[in-house]
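Please examine the sequence and the model shown below.

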Amino acid sequence: MATKVRIEMDSTQKILLKRSLNQNGAAQVMFTKRCAAAFNGYVPFDTGRLKDMSVSMTATSISYNTPYAAKQYYENEGKGKQGTQNGGMRGMLWDKRSWADNGNKIVKSIADFVGGRVG
């Protein structure tokens, strides 16, 4: 006698939606916001305009909108308030340095949010 097995699965989009992993969904927005918050402590600080007032976000990007943002990103020597040369974390390449320090924690928080696990 033959046995019949029928497997029904939700569509990929429905599975992703259930886990908030759809394009520009809640998990993506949370990831971007967590990254921006982590980067904030690494952005060079003088008047606060670069780290606070010039930041704009979409679901998938973080932009620093000042005429000097690129120069600060690539050339900042970390001599300012809480700068890397003064024992702090603020200075150039802030996203990469922040990710090295905080990336695992951010990934874990997103995995927890979507019901997954890291590793």
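What follows is an account of backbone angles, aromatic rings, charged pairs and a surface patch.

The model is predicted, so local features are considered only where pLDDT is at least 70 and side-chain atom pairs only at pLDDT 80 or more, whereas totals for chains, interfaces and linings use all residues. Residues are numbered from 1 along each chain as its sequence is written, and side-chain values rest on heavy atoms, with hydrogens and water left out.

We begin with the backbone. Most residues other than glycine have a negative phi. Asn24, although not a glycine, has a positive phi of about 60 degrees. This residue is found in the loop between helix H1 (12-18) and helix H2 (26-40); helices here are DSSP runs (H or I, at least four residues), numbered from the N terminus. Asn24 has a relative accessibility of 43% and therefore counts as partly exposed; the term buried means under 20% relative accessible area, exposed means over 50%, and partly exposed lies in between (1.4 Å probe, protein chains only). Gln82 likewise has a positive phi of about 60 degrees without being a glycine, and Gln82 lies in the loop between helix H4 (69-75) and helix H5 (94-114).

We turn next to the aromatic rings. A pair of such rings is described by the distance of the centres and the angle of the planes. Rings of Phe, Tyr and Trp (its six-membered ring) pair if their centres lie within 6.5 Å; planes under 30 degrees apart count as stacked, over 60 as edge-to-face, and the rest as tilted. How many aromatic pairs does a search of the whole structure find? The search finds four. One of them joins Phe31 and Trp99, edge-to-face, at 5.9 Å centre to centre with 70 degrees between the planes. This pair links distant parts of the chain, since Phe31 is in helix H2 and Trp99 in helix H5, 68 residues apart. Phe31 is partly exposed at 28% relative accessibility, and Trp99 is partly exposed at 34%. The rings of Tyr73 and Tyr74 have centres 4.8 Å apart and planes at 90 degrees, so this pair is edge-to-face. Is each of these two residues buried or exposed? Tyr73 counts as buried because its relative accessibility is 13%, whereas Tyr74, at 58%, counts as exposed.

Charged side chains provide the next topic. Side chains of opposite charge can pair when their charged atoms come close. A salt bridge is a side-chain nitrogen of Lys or Arg within 4 Å of a carboxyl oxygen of Asp or Glu. By this rule, the count is eight salt bridges. Among them, Lys14 and Asp10 meet at 3.9 Å, N to O. Lys14 is partly exposed at 44%, and Asp10 is partly exposed at 30%. Together with Lys18, these two residues are linked in a network of salt bridges. Another salt bridge joins Lys79 and Glu77 at 3.0 Å, and Lys79 is exposed at 53%.

Finally, Val5, Ile7, Met9 and Ile15 form a nonpolar patch on the surface, with about 480 Å² of accessible area together. Patches consist of residues with over 30% relative accessible area and no salt bridge, with like charges joined within 9 Å and nonpolar side chains (Val, Leu, Ile, Met, Phe, Trp, Tyr) within 5 Å; accessible areas come from the Shrake-Rupley method with a 1.4 Å probe. Ile15 lies in helix H1 and is partly exposed at 40%.

How values were computed: Helices (H or I, at least four residues) and strands (E, at least two) are DSSP runs, numbered from the N terminus.
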